[in-house]
Amino acid sequence: MTLGATVEGIGLVGPGLAGWSASRERLAGREAFAAVPTVIPLPEALPATERRRAGKTVRLALAAGLEAAHMAGREARSLATIFASSGGESENCHAICEALAGADRLISPTRFHNSVHNAAAGYWGIATGAMAPADAIGAFDASFAAGLLEALVRLAANPAQAALLIAYDTPYPEPLHGARPIADSFATAFVLSSDAARGPRIEARIEERPAARMDDASLERVRAGIPAARSLPLLRALARNAASSVSLEYVDGQAVRVELRP
Amino acid sequence: MRPILVSSFTTATCLGRGAGPLRRALASGTSGLEPCRFETCDLDTWIGMIPGLEEQRLPARLAAFDCRNNRAAEAAIAEDGFEDAVRRVAGRRGASRVGVFLGTSTSGILEAELAYRRREGGDGALPADFDYRRTHNAFSLVDYVRARLGLRGPAAALSTACSSSAKAFASAARYVEAGMIDAAVVGGVDSLCLTTLYGFNSLQLLSPRPCRPYDARRDGISIGEAAALILLERCDEPRDGASWLLGAGESCDAYHMSSPHPEGAGARLAMEAALRSAGVAASAIDYVNLHGTGTPSNDAAEDKAIEAVFGRDVPCSSTKGMTGHTLGAAGGVEAIVCLIAMADGLVPGSPGTREVDSGLRAHYELTPRARRVDRTLSNSFGFGGTNCSLVFGRAAA
């Protein structure tokens, strides 16, 4: 049982990976890669009030999503969206737990409504005007592959509407960081459609064996250190743009096998 | 979409464990809400608590998953023959052909809240017994249910605040339609925690009384906890007495993080999409279970959307005066309310609501009454403006 799509656009923000187009040579192994700390761009698309309210997780997700929509030449508001993240709003979650452990338990109302797992989806709608369906899902370290499958079944159910997958994670502050270490911030986005003429094809299926590691040690450290970076094998294959097959971490010792046909 | 069979369901709410107590409360119009005495919470509000979760145990092999949220899941799994129904379907179809898609907004975050209080030296590391992955993380619930029921199919936690568990149905339906699975456990679980109690309090959205949806004097929500688990199955033949998921519709408000679009524009899109997906006209719906949280702006916005889609005649009610607003579990609980309404020939009422706001136009039902119900629509809307409507029917068309 396989699910297919055309990759029309890609977005990327990660350690040493400042945008998809700026990172292609590095990902393909034709330029040296060094995992310098992630720089999250400012979201120009958000109205000024919302820009002040949006935390770094939202800014990260929006940056990757907008890059992918732009590359696809698709209007952002036309896309169904799938937001995939292991823990979502890490900093808001920490701040709320901290406040609740204090004497007065005072939580900022903005902090609270920004703490929902679908905060990035909410801000995406406000920024782009998109009223199309938005999913917000999580599957711990398998969140990227779960998001990819969700995007592919959404596309299968409605081939006429292109789907935008945005996978993202930011580190928790301490002390949660100690219980759930996430190495740095990382986001990637894919505009997926059923229009075969508009880009390379991917075919995905679930397989009953664990995902493979990457041969490049620096990239492997990023892949293993951030749930959303479990996407790196696919990003590398797309950067090399050659027929190939990669395995992505899925739940419970399973993997999602993706075949790429440029 | 092609209709999907509802083969089994179970729930645990403040009314009790299993579908029985909910069914009886729907028939009698009684509420399970009580003054808040949860944990160390000092807020003046009412809540819906599942009885006996403090004593609830998980199977020994899954003890690492122990937290209030997974206890709530276990409280439901043990009722209504649900476990047997899932195992039968998994035996027939194969464990890898049964997916698990569950909604939750806060999962086991209560464990993190308590761990922060127990930090070494007050601001050091979290205690070593805090298991983030198996309690706090949103996927903990899905992981637990999957392991508990021996399932190996595709899985994800859906977390779009108060529409989470409604969206689980929509997601599972797409996996079935794509041929990836033959059956799925859907619905969701949310349990009491300080984050939501103090968080909704910070937004001044908690009522100091049991909530009164649609009432002229409504003044906020009552938070509840619940588990609602539903087994959906691909089925190509008619089945006597069965209920079906006929359609699902989703949309976004693209308006504000915690206030609904004032004209209910997103809500309207979701309901219209659900009717389209089911292939039925608005006039074919016999009962609408409203999101109906009981805040002044939520009910007013939803009412405008209802009038635009259905006019003023379709019987509507919110059942949150019975169960409380069970947040990420609400879509699942209220799907079960719709299934019971169809099976029992009943239009549910709205305990707590006395006098319907004269500014609202929908045909709002205050007390339960007997009536044939063949098709229902259930609304669930969440923070971030994420909306989902589901259509259920007694026949597969």
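## Where the two chains meet

Let's start at the contact between the chains: 50 residues of chain A and 52 residues of chain B take part in it. Two residues are in contact if their C-beta atoms, placed from the backbone, lie within 7 Å. On chain A, the elements giving two or more residues to the side that touches chain B are α4 (90-101), α5 (109-113), α6 (119-128), β4 (134-138), α7 (143-157) and α8 (176-179). The largest share, seven residues, comes from α7(A). Sorted by type, the residues on this side of chain A are 32 nonpolar, twelve polar and six charged. Here Ala, Val, Leu, Ile, Met, Phe, Trp, Tyr, Cys and Pro count as nonpolar, Asp, Glu, Lys and Arg as charged, and the others, Gly among them, as polar.

A word on names: helices (H or I, at least four residues) and strands (E, at least two) are DSSP runs, numbered from the N terminus. Two strands pair if DSSP finds at least two bridges between them. That happens across the two chains: β4(A) and strand β6 (residues 155-158) of chain B pair in the antiparallel sense over two bridges. Ile137(A) has Leu158(B) in β6(B) as its bridge partner.

## What kind of model this is

This is a predicted model, in which local features need pLDDT of at least 70 and side-chain atom pairs count only at pLDDT 80 or more, while totals for chains, interfaces and linings use all residues. Residues are numbered from 1 along each chain as its sequence is written, and chains are lettered from A and ligands numbered from 1 in the order in which they are written.

The model scores ipTM 0.98 and pTM 0.98. Chain B averages a pLDDT (the predictor's confidence in each residue, from 0 to 100) of 97, and 99% of its residues score at least 70.

## Chain A as a whole

Chain A has ten helices and nine strands. Its radius of gyration is 18 Å, close to the 18 Å that the globule rule gives for 262 residues, so chain A is as compact as a globular protein of that length. That radius is taken over C-alpha atoms, and the globule rule is 2.2 Å times the number of residues to the power 0.38. Along its principal axes, the C-alpha trace of chain A spans about 60 × 40 × 35 Å.

Of the 262 residues in chain A, 60% count as buried. A residue is buried if 20 or more other C-beta atoms lie within 10 Å of its own, exposed if 12 or fewer, and partly exposed in between, with C-beta atoms placed from the backbone. Among the contacts in chain A with a separation of 6 or more, 72% are between residues 24 or more positions apart.

## A buried strand and a buried helix

Five of the five residues of strand β3 (residues 80-84) of chain A are buried, so β3(A) is largely enclosed by the rest of the structure. Ala80(A), Ile82(A) and Ala84(A) point one way, while Thr81(A) and Phe83(A) point the other way. In a regular strand the side chains alternate between the two faces of the sheet. β3(A) runs parallel to strand β5 (residues 163-169) of chain A, joined by five bridges, with Ala163(A) as the bridge partner of Ala80(A). β3(A) also pairs with β4(A) in the parallel sense over four bridges, and there Thr81(A) stands opposite Ala134(A).

Helix α10 (residues 232-240) of chain A has eight of its nine residues buried, so α10(A) is largely enclosed by the rest of the structure too. Its buried residues pack against β1 (3-14), α1 (20-28), β6 (186-193), α9 (217-225), β8 (244-249) and β9 (255-261) of chain A. After α10(A) comes Asn241(A), whose phi is positive, near 55°.

## The nonpolar core

The largest nonpolar core has 241 residues, and those with the most contacts inside it are Leu165(A), Ala187(A) and Ala184(B). Helix α3 (residues 56-72) of chain A gives the most to this core, with eleven residues. Such a core is a set of buried Ala, Val, Leu, Ile, Met, Phe, Trp, Tyr and Cys residues joined through C-beta atoms within 7 Å. Not counting residues up to four places away in sequence, Ala187(A) touches residues including Val13(A), Leu60(A), Ile166(A) and Tyr168(A).
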